[in-house]
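Dear colleague,

I am passing the structure below to you for your records. The notes that follow it set out what was found.

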Amino acid sequence: MNDYVDITEDFFSSISQISNNRVVKSPFFDLLEGTRAIEINNPRLDTGLIPNELSAAELNFECSKPISESELSGLMNKLFKLLMSWFSSSSLPLTVLSCRYVEDIVHGYTMSLDRGIETFSLGDGVYNRVLKSFVVGLSKFIGIMITVGNTVLYEDEDITTRNMELDFLTDIMVDDVLNDLESAIGLVKRSAAQHKEHIIKQLMLLQDLNSLPILSNLQINLFGVPDLRQLQSFQDILNRGIECLKFIADHKQFYETQELPVGSVSKWVQASLGNRHIPGDVYDIGFDETFKQMTNVFEQLKQIFRKTNYIKDIEALDLFLKYDIQHMVNEYHVINKGIFQLFLIREDQSILGSVYHLSDLTLDLMNHVNVFNCNVSNPKTWNLNNADTELVMDALSQLLKDLEAGVYQNLTVYANNRCRQRQLINKNLLVWDSLQVQSENFEMEIYNNYKIGDKLSDTDENALPISSFIYSTKLELMIEFLLIGIELELYREFEIYSIYWYINYLTKVYINHSTERLLKFNKYKISKIVAKKKKSKNKQELEQKREKLTKINEALQHKIDYWKGFQRLINSVCLLLNYLQNQKMIKFDDLTANFITSFESLFRLRFKPFESIGVPSQLTFAQYSSSFASDVSQDEVINSLNMAKEALVEYNKSVTNDNEKQWISSLVKTCFSYILELKGGKNVFEVSPGYNTYFPKFTAKLPVIE
Amino acid sequence: MDSSGSFKDTDDYGLVATVGNLRYQRFNPASQNQFRIISNLIADHLSEPYSIYVYWYFLNTWPQYCYITKDSADTVVGVIISKINLHRNVRTRGYIGMLVIDPIYRKKGIAKKLVQLTIDAMIEADHVDEISLETEVINKGALRLYESLGFMRVKRLYKYYLSTHDAFRLILPVSDRAFKRIAFLDQLPEPVST
Amino acid sequence: MTTIAPEKFIGSSLRVELSDNRVLDGVLTVVDPFGNLLMSNVYETNKSNRREVGLVSVPRATISKLYIDKRTYQSLK
């Protein structure tokens, strides 16, 4: 302490000069930063107090001390539980790193220069050696998931990756880990252990866990014949994992009664390593939850992987992403959300690792709506000189590149948590709206300057095919944006009608656009081909085009059929709520009477995301206010619901995707339940969860009509 | 900070309202006693752990947006702490940071009164475009309070509180700027720090 | 002895001895009128264990001694 001067008195006497009750700080320091500080001696903020509460066994714990067979199995069981607890909104220091063996391995690896897998050790005993392999395997898996998290998940929402500056075996190869676990299995087999099978199942399960991320490198033969060998070999890994999990779950009694070395799981790590975070208790979700969730991970991946192998065309891909991923995402484990996102779109922009890339997807999406066989997308039909061709080509390529970016943005939505999905869609609305403006300018310009373009019909104006495709995508985003808000319970009673009323408008615009701009345009193209075919020598090529356009329109019509049924249901909800208001069951205006802001202001705030969008034109509060009909009858509501129900039942007959089928069934049930509710509910207006996340239950008892 | 100690304060600085035997006062920026009482009251009743520098952040920067409620025995029974910031450089956003009422004084309209005082002051002094706050989706009491004033749920934030519960972001729109998307608003000048 | 203005200490590296014998080394960033410190880049030494704890609020009541290195002290006066 020679170089130090005691300034205790100097300092604290200088503090008394502070007047006005204000802090003294450097002008460059923002006090906002200070809100993140930990605090000495505050038991909720100071990890430095932890050593005081630790036992001698925790303080003096030795990782190299020989462990017993029972302790080996007990530790592996505990580590599985801590691993799954980490994924359950906890952090590494409160879960896996609380195990002294994990801390020892990972800390040792972080500090050492020689980083080969053979350098790890947790003591010489045979069970210590097996434990070492397990801990290395577990740490590697954690390391992989940290990377997945940092790449495609949201920190503190889906996963918490803060790692106390530790390196979770970045440079160790997964194959080395798998082999090391294999040697450990051999070691167990040759040992004198009493319960070899129980231990080996745990080791095998960890191998299988480490194999899961392989999925994000597998290459799917998208829209083609599935690679059955690959499908089988990945299914084998998953099935073996599921078998191990079943064995472990069936032997809960055994695993849960094995011993843990005293002091091996502890808050120690929070106080021993660098730590800018607040203290917390070790978190453990328990045996049942752990193995239930882990089984889900394997089962879900099995489903997802099998389904992706059998996606037969672009329509099926769209349905898969929507119904098997986006709508199901709440049920997917975070491990799968992360792995799936990486599986779906790769660094080289290939889709599901196939030869099919983002650029192909973008073109296909357009073609399968209305752009197939258009003048604008087909330079061979342009009839321009070279210089002009190049000019138009450049502009077209730029537009396509920007479109690809938009499609990419949409692809990032599906596997995110529902809250993020809504926020990302909100962002993408801007992207697609400006794409539409850009595309309209482009299509108008090349039509005016070079006469490149397509007519919608013999008498109609420019079809603007690319812009029409973009508009259609944008409308879907707008509708979905409002609908997710219902699921997230963002809307309160007073505004719920306005939301359905707005969705009703958008779905009508969408259906009209699909029928009048897309379907009609394709039909017109078909009629032109038929006319041309009569005179042409190249009948076969034209016939192929005709067939393709016919197929496209069949798929479009199918989609429109869904939207028509859906719109009828939306319209019924509007009628229902309108009717309830007429019956004085609810008075939407009254609910806002005591607000210090107006309903109109809230209406504008609610639809702010659409505020900058030119088409479709934004609905105003005045339109909302005059949207109520004074003469809605109960029969009218019931009829409308019945019609919606029938349309949806009819549509569902031609649905093949299981999850879509279920979705439609839940809409049908919704129609039924609304009808029942109308015939005898409670005497208050209530909104509660219903059969479908987009359609809550509205409870209200209506006066009997004599 | 010492969490025991009295909640009594006899300073009559900045009385803004009296309702029954309850007095509503502005926080006195020069009062160490009030600072101590406020931080203790909040630490006793809020679940998120705060260091003393959280209180300094709010009370040194925006002392004008802190109000307290006292009972007839000069005991501080309620407090609200808020701030103002420039949201993405385009909107002046008031933010209600913390609101705590002593449990035995709840359901007496104190919270609502404190929020209203804050909103009025923010509109008057800083011409805020909107006022926001976050609250847990399961905090029915807070939702009822703010929504009865007209705050609207604009966003659901996934696992927001200590990474377990979702939260709602609530917004009360004040000016027309609240209705325009960020990308379409012109930049506002940095506010002069008070 | 002339008193040094509190501003002068801001930005200096300080060593804080806590009443529970822990030692903190870090940069004094803010001090409040009660004498509570806010220090950044803090390292905590507890017996033989030294670790980084980052930004730390140090309540006045936990502080038993404050040290500054000799050279910095000379320049403050």
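N89(B) sits in the loop that joins β4 (76-87) and β5 (91-101) of chain B. Its phi is positive, about 65°, although N89(B) is not a glycine. Most residues other than glycine have a negative phi, and most peptide bonds are trans.

Please note that this is a predicted model, in which local features need pLDDT of at least 70 and side-chain atom pairs count only at pLDDT 80 or more, while totals for chains, interfaces and linings use all residues. Residues are numbered from 1 along each chain as its sequence is written, and chains are lettered from A and ligands numbered from 1 in the order in which they are written.

L169(A) also has a positive phi, near 60°, and is a residue other than glycine. L169(A) lies in the loop between α7 and α8 (174-190) of chain A. Is L169(A) buried or exposed? L169(A) is buried, with 26 other C-beta atoms within 10 Å.

**A cis peptide bond in chain A**

The peptide bond that leads from V615(A) to P616(A) is cis, and its omega is near -5°. P616(A) belongs to the loop between α22 (599-606) and α23 (621-625) of chain A. Helices (H or I, at least four residues) and strands (E, at least two) are DSSP runs, numbered from the N terminus.

**Helix packing in chain A**

Helix α7 (residues 126-152) of chain A packs with helix α9 (residues 196-211) of chain A at an angle of about 25°, their axes being 10 Å apart. Axes are lines fitted to C-alpha atoms, for helices over the stretch in contact, and angles run from 0 to 180 degrees between N-to-C directions. α7(A) and α9(A) are therefore roughly parallel to each other; angles under 35 degrees count as roughly parallel, over 145 as roughly antiparallel, 65 to 115 as roughly perpendicular and the rest as oblique. The crossing of α7(A) and α9(A) is left-handed, a term used if the near helix is turned anticlockwise from the far one by less than a right angle, with right-handed used if clockwise.

Which residues of α7(A) meet α9(A)? On the α7(A) side they are F134(A), G137(A), L138(A), K140(A) and F141(A), which meet L203(A), L206(A), L209(A) and N210(A) in α9(A). Two residues are in contact if their C-beta atoms, placed from the backbone, lie within 7 Å. By class, the contact of α7(A) with α9(A) has six nonpolar, two polar and one charged residues. Here Ala, Val, Leu, Ile, Met, Phe, Trp, Tyr, Cys and Pro count as nonpolar, Asp, Glu, Lys and Arg as charged, and the others, Gly among them, as polar.

For helix α18 (residues 418-450) of chain A and helix α19 (residues 465-487) of chain A, the axes come within 9 Å and cross at roughly 160°. That makes α18(A) roughly antiparallel to α19(A). The crossing of α18(A) and α19(A) is left-handed, and their contact has eleven nonpolar, eight polar and eight charged residues.

**Chain B**

Chain B contains four helices and eight strands, in the order β-β-α-α-β-β-β-α-β-α-β-β from the N terminus on. Of its 194 residues, 43% count as buried. In helix α2 (residues 52-61) of chain B, nine of the ten residues are buried, among them W56(B) and F58(B). Residues 24 or more positions apart account for 60% of the contacts in chain B with a separation of 6 or more.

Chain C has one helix and five strands, which run β-β-β-β-β-α from the N terminus on. Of the 77 residues of chain C, 40% count as buried.

The contact between chain A and chain C takes 35 residues from chain A and 38 residues from chain C. The largest share of the chain A side, seven residues, comes from α1(A). That side divides into 15 nonpolar, twelve polar and eight charged residues.

Chain C also touches chain B: eight residues of chain C are in contact with seven residues of chain B. The chain C side of this contact has five nonpolar, two polar and one charged residues.

With kind regards

Notes. A residue is buried if 20 or more other C-beta atoms lie within 10 Å of its own, exposed if 12 or fewer, and partly exposed in between; C-beta atoms are placed from the backbone.
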